[in-house]
Amino acid sequence: MLWSATARLSANPSPLHLPVSNQSITVFGKSKPSRVRCSHSRAMESNDDTSKAKGLSFDDFLSKKPYSPPTWASHLKPIPSHVFSLAHLPTPIHKWNLPNLPQNTEVWLKRDDLSGMQLSGNKVRKLEFLLAEAVAQGADCIITIGGIQSNHCRATAVAAKYLNLDSYLILRTSKLLVDKDPGLTGNLLVERFMGAHIQLISKEEYAKIGSVALTNVLKEQLLKEGRRPYVIPVGGSNSLGTWGYIEAMREIEEQLQIRSNRIKFDDIVVACGSGGTIAGLSLGSWLGALKAKVHAFCVCDDPDYFYDFVQDLIDGLQAGVNARDIVSILNAKGLGYAINTSEELKFVKEVAAATGVVLDPVYSGKAAYGMMKDMAENPKKWEGRKVLFVHTGGLLGLFDKVDQMAPLVGNWQRMDVNESIPRKEGIGKMF
């Protein structure tokens, strides 16, 4: 079915509800915030004079430039020839004051949710490389595929429009909704504002046909109409897209180098939904100077599937490494992809109330939930370690969970103003 584009938190947070084995994690108060200043142009700096990080200049944004890889990745093949500047980089890194961490454990946050507005999240890093190839091949439209609230499809629709390309999005939904207008909730609102051509497919049909065959069907249709489509796989996760997070590792290294007190991360934690992000991060950490252990919490399929998929991606770059040597993949799927328990949603809400950081319910929310659960069950594994958690965005996905989230928030009431307070018509200007 084709659809074209026409269409309060508490000041005193309650305890974090985490499923634990024989321990509990509770917020007893707020830690004193770290004095790290972060901005697009000076990320993770403590001294203006030592800052060398670059933000996007007036001439950089939306520009296409020749690409030169990090020296430690120069042996990979093929190396992309060009890259677009689509994201607001570098994204900040700051201390994340999560409660009740294991002894002497620090968690820091890489804010890839701040890579832009409509383009926020991890997908834009992959699109910088994928769309450079699309333009080089003379494409006039982009095809991609994902779930009904796909962050990747939303980012693709925005980036494509920036580059004067049409977008065709195949979105997976319930068989009960496949013949109905998909509405304007969350990512759908942005996609339809961008003029994206939306094609709905039921989850059952998707499971029987597969994403590759479905995108090929649409590609053949568009070719017959005289269009020049370029296909981007689920999540932008192929060997070319993997360069987005190889490049992100270079960015993290540069951010660490400009700190006056050089911090070194022992671990990197990130959500895994399509595999490209963890492939790039893991390979970059392994080859580069950081050498941090990467822990990926998968929110769909299972760890064995992703070990094999990541292996295919890095083999496509002739990396010559074993996926199981460079990343540890844990299961955080829970009830299923994009399906949340009340405990998971309560966790997302309470992390926001305690730390000011809003996690999405599908990816980073489940990954952080899984990380905190593992820290509670295996504290010795994490004691004394410095952990970098990569926030991959997805805030718009929360709007699809409002019915489930509503009972968790509350904290509102009508303001009662005593009759003794003077009143005069028109004195209150309403802006």
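Biologist: Over the face of which residue does R125 lie?
Modeller: This is a predicted model, in which local features need pLDDT of at least 70, side-chain atom pairs count only at pLDDT 80 or more, and totals for chains, interfaces and linings use all residues. Residues are numbered from 1 along each chain as its sequence is written, and side-chain values use heavy atoms, with hydrogens and water left out. A charge sits over a ring if NZ of Lys or CZ of Arg is within 6 Å of the ring centre and within 35 degrees of the ring normal. R125 lies at 5.5 Å from the ring centre, over the face of Y245.

Biologist: Over the ring of which residue does the charged end of K123 sit?
Modeller: The distance from the charged end to the ring centre is 5.9 Å. The ring under K123 belongs to Y363.

Biologist: Are the ring planes of Y305 and F306 stacked or edge-to-face?
Modeller: Rings of Phe, Tyr and Trp (its six-membered ring) pair if their centres lie within 6.5 Å; planes under 30 degrees apart count as stacked, over 60 as edge-to-face and the rest as tilted. By this rule there are nine aromatic pairs. The ring centres of Y305 and F306 are 5.0 Å apart and their planes stand at 80°, so this pair is edge-to-face.

Biologist: Is F306 buried or exposed?
Modeller: Buried means under 20% relative accessible area, exposed over 50%, and partly exposed in between (1.4 Å probe, protein chains only). Y305 has 39% relative accessibility and counts as partly exposed. F306 has 0%, so it counts as buried.

Biologist: Why is α6 described as largely enclosed by the rest of the structure?
Modeller: Helices (H or I, at least four residues) and strands (E, at least two) are DSSP runs, numbered from the N terminus. Helix α6 covers residues 239–257. It is largely enclosed because, of its 19 residues, the number buried is 15.

Biologist: Which element gives the most residues to the lining of the largest cavity?
Modeller: On a 1 Å grid over the protein atoms alone, a cavity is a set of points where a 1.4 Å probe fits but cannot get out, and lining residues have an atom within 4 Å of a point. The largest cavity has 14 lining residues, with N122, K123, A271, G273 and T277 nearest its centre. Elements giving two or more residues to this lining are α1 (123–136), β10 (267–272) and α7 (276–287). With three residues, the element that gives the most is α7.

Note on methods. On a 1 Å grid over the protein atoms alone, a cavity is a set of points where a 1.4 Å probe fits but cannot get out, and a pocket is an open set with protein on both sides within 12 Å along at least five of seven lines; lining residues have an atom within 4 Å of a point. The expected span of a helix is 1.5 Å times one less than its number of residues.
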